[in-house]
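Here is a protein model to walk through step by step. Keep the sequence and the 3D view open as you read.

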Amino acid sequence: MSSFDPRPPEASVPGSDPLAPQVMLRIEAVTPFTEIRVLDAQFKPVILPANTGAVDVLVTPGLYEIGFRGREDWDSQHVIAEPGSAIIPVKQQAPEPAAESMPAAPPTASGAAQPADATVVVVLTRPDEGDLVGLSVELVSADGAQTLVPDMTPERSGNWCFPATAGYWRLRINEAAARQPFEMAITVVPGYVAQVSAPLLSGVEGLRVDLEKLRFRLQRQTLRSTADQELIGFEEAALAAISSGRSLFGPQFEQLIEQLAGDNAANPMLGVLAAHMCELGMDSHSAFRERLLDRLEQLTGGPGVHPDVAILRLSSAVRLGGVSGPKTPVLFPPILAASWRMLLEATRQCPELIPAGSLCDRIADRLWSSRIWTAWTAPPLDAKPVARARSIGVGGKMSATGEIDTYGSRIIELLAHPQIRQWFRHASSYEGGTAEGLAWESNAVTPAEAAIATALFPVAKTEERQPMLERWVDRLAAQSGDQAHASPSLMGERLGLPQSTVERALGSLADKLDAQASMFRIKS
């Protein structure tokens with residue numbers, strides 16, 4: 001598998017002077033997936049032929065900083081490349097394990113036997129080994145019509161086991177804390193157990209799931225052993241790289257990915273992570289990526305079944321020549337936040353990938369701020385898909401110059417009234433400024449509606465500051481010449497939302513503001 005060149009334009013190029021003496025740095029990390037970097041004395045990165053495992057690089061004599069990174073932090077060493085030296089070995093010292101940064105243990109490590117018919121297993125642990133009073137876990141079908149009761153016995157405290165059929169499920173966790181219950185997407189794959197494990201954090205508001213340390217794995221039903229430590233190391237390195245958008249490449253790393261694409265796939269999620277690494281690397285050797293996606297489709301139920309795999313295939317098609325012709329909509333969310341970002345990017349060309357009223361559309365403005373997982377504020381169990389407040393455009397699509405102008409003008413007109421603005425401030429206020437504290441209420445202003453209102457008519461935090469904000473916005477608009485009304489696709493791109501969510505939010509916000517105008521007896 002060939003790799004792209006990630007070097008920045010200002011990177012230091014060793015040996016650029018053909019007359020300068022050169023010294024070989026032989027750098028070796030403790031694992032094939034440990035990231036390597038080299039900085040010169042001016043802190044400029046040195047171009048490397050590989051950035052994982054082991055690498056030889058020729059440099060001119062001088063002082064260099066060699067960095068090794070497994071997950072988040074760099075472990076650095078300083079090396080002086082003296083003139084006349086042949087090869088200077090630089091080996092990473094084995095890092096001390098940090099208990100507080102270790103990922104949650106696999107469910108099979110809990111010591112409790114799982115029921116033979118369990119297809120979804122959730123293990124939540126707290127450091128003080130206390131009870132889990134007030135915390136509950138449910139498995140809800142994609143449409144909300146079915147809720148499974150977990151198999152809980154005294155010897156499996158903190159271990160929820162569900163006999164779910166193959167298909168799409170929403171894992172719902174109620175922490176009994178101040179923030180709302182949240183959900184995650186679970187695709188149950190035939191022949192595999194979906195395992196979710198996470199540590200709990202204790203606070204004054206109760207127990208909370210540490211979402212960044214949550215781990216999701218697919219394990220063969222016939223294989224009940226703990227995960228291999230090397231594979232756990234790859235999982236950690238890949239999740240850290242994917243969540244930050246950085247690339248890992250090199251012969252040893254590529255060989256490991258080749259192994260993950262083999263027949264003995266004990267955990268297809270590792271293959272999904274490997275495919276994401278290929279996408280980050282902008283790999284020009286598409287045959288390997290396509291072979292990996294073919295294998296993942298076989299393992300997860302076929303083409304288009306697993307959302308993460310389907311989105312990776314879609315992203316691959318976009319890279320190879322763009323999206324043309326009808327595409328199968330993605331109705332159920334992926335589990336990885338990186339997959340969700342890929343899906344949003346694809347909707348710029350094909351808005352129909354996220355249909356209005358689908359679960360992806362409904363949760364888009366209630367996503368939590370996780371770098372790794374797609375998690376969202378849970379709706380009430382009896383909540384039905386939200387229909388659009390109004391009929392939007394011809395054939396169910398909003399035009400860039402028709403209804404959006406009508407709705408946008410109406411929103412601007414109503415937000416010009418102080419009483420409406422005061423209601424808007426109260427209705428759009430929620431804990432911490434994120435969806436993690438937003439109740440699923442029909443009369444509240446959702447994050448998407450608040451973002452659209454801000455784009456059309458910014459509302460200051462207090463009425464006293466409103467005139468100053470309006471003058472500042474007018475000056476910016478005059479300088480940039482930006483249009484007040486943009487197309488739904490452009491507005492969605494700016495706000496990080498699907499076009500269908502933008503269209504629905506425009507109509508619903510206009511309806512909510514109209515209702516308040518009627519209550520305040522404000523005439524149009």
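## A walk through the model

Phenylalanine 43 is exposed, with a relative accessible area of 64%. This is a predicted model, and what follows should be read that way. Look for phenylalanine 43 in the loop that links β2 (35-39) to β3 (54-59). Its backbone deserves a glance too. Phenylalanine 43 is not a glycine, yet it has a positive phi of about 65°.

Now step back to the whole chain. The protein chain holds 13 helices and 16 strands. It has 524 residues, and 50% of them are buried. Of the contacts in the protein chain with a separation of 6 or more, 71% are between residues 24 or more positions apart.

Start with the strands. Which residues of strand β1 (residues 23-28) are on the covered face, and which on the uncovered one? Val23, Leu25 and Ile27 form the covered face. Met24, Arg26 and Glu28 form the uncovered face.

β1 has pairing partners. It runs antiparallel to β3, and six bridges join the two. Within that pairing, glutamate 28 has alanine 54 of β3 as its bridge partner. β1 also runs parallel to strand β6 (residues 87-91), with five bridges between them. There, arginine 26 stands opposite proline 89 of β6.

Move on to another sheet. Five strands make up an open, antiparallel sheet, in the order β9-β8-β11-β12-β16. Its edge strands are β9 (147-148) and β16 (375-377), each of which pairs on one side only. Follow β16 to its partner. Three bridges join β16 to strand β12 (residues 182-188) in the antiparallel sense. Methionine 184 stands opposite alanine 375 of β16.

Next comes a loop. Lysine 213 sits between β14 (206-209) and β15 (215-220). Is lysine 213 buried, exposed or partly exposed? It is partly exposed, because its relative accessible area is 21% and buried means under 20%. Serine 197 is 16 residues away from lysine 213 along the chain. The C-alpha atoms of the two residues are separated by 8.6 Å.

An α-helix has 3.6 residues a turn, so residues three or four places apart point the same way. After α12 comes glycine 496, which has a positive phi, near 70°.

How do α12 and α13 meet? In general, two packed helices are described by the angle between their axes and the distance between the axes. The axes of α12 and α13 come within 8 Å and cross at roughly 105°. The two helices are therefore roughly perpendicular to each other. On the α12 side, the contact is made by Pro488, Ser489, Met491 and Gly492. On the α13 side, it is made by Gln499, Val502 and Glu503. Sorted by class, this contact of α12 with α13 has three nonpolar, three polar and one charged residues.

α10 contributes Ala448, Glu449, Ile452, Ala453 and Leu456 to the contact. From α13 come Thr501, Val502, Ala505, Leu506, Ser508, Leu509 and Lys512. The residues of this contact of α10 with α13 divide into eight nonpolar, two polar and two charged.

Arginine 521 is not a glycine, but its phi is positive, about 60°. Is arginine 521 buried or exposed? It counts as exposed, because its relative accessibility is 77% and exposed means over 50%.

Conventions: Residues numbered from 1 in each chain as written. Predicted model: local features only at pLDDT ≥ 70, side-chain atom pairs only at ≥ 80, totals over all residues. Heavy atoms only, no water. Helix = DSSP H or I, 4+ residues; strand = E, 2+ residues; numbered from the N terminus. Buried < 20%, exposed > 50% of the residue type's maximum accessible area, 1.4 Å probe, protein only. Pairing = 2+ DSSP bridges. Axes fitted to C-alpha atoms, helices over the stretch in contact; angles between N-to-C directions. Parallel < 35°, antiparallel > 145°, perpendicular 65-115°, else oblique. Contact = heavy atoms within 4.5 Å. Nonpolar A, V, L, I, M, F, W, Y, C, P; charged D, E, K, R; others polar.
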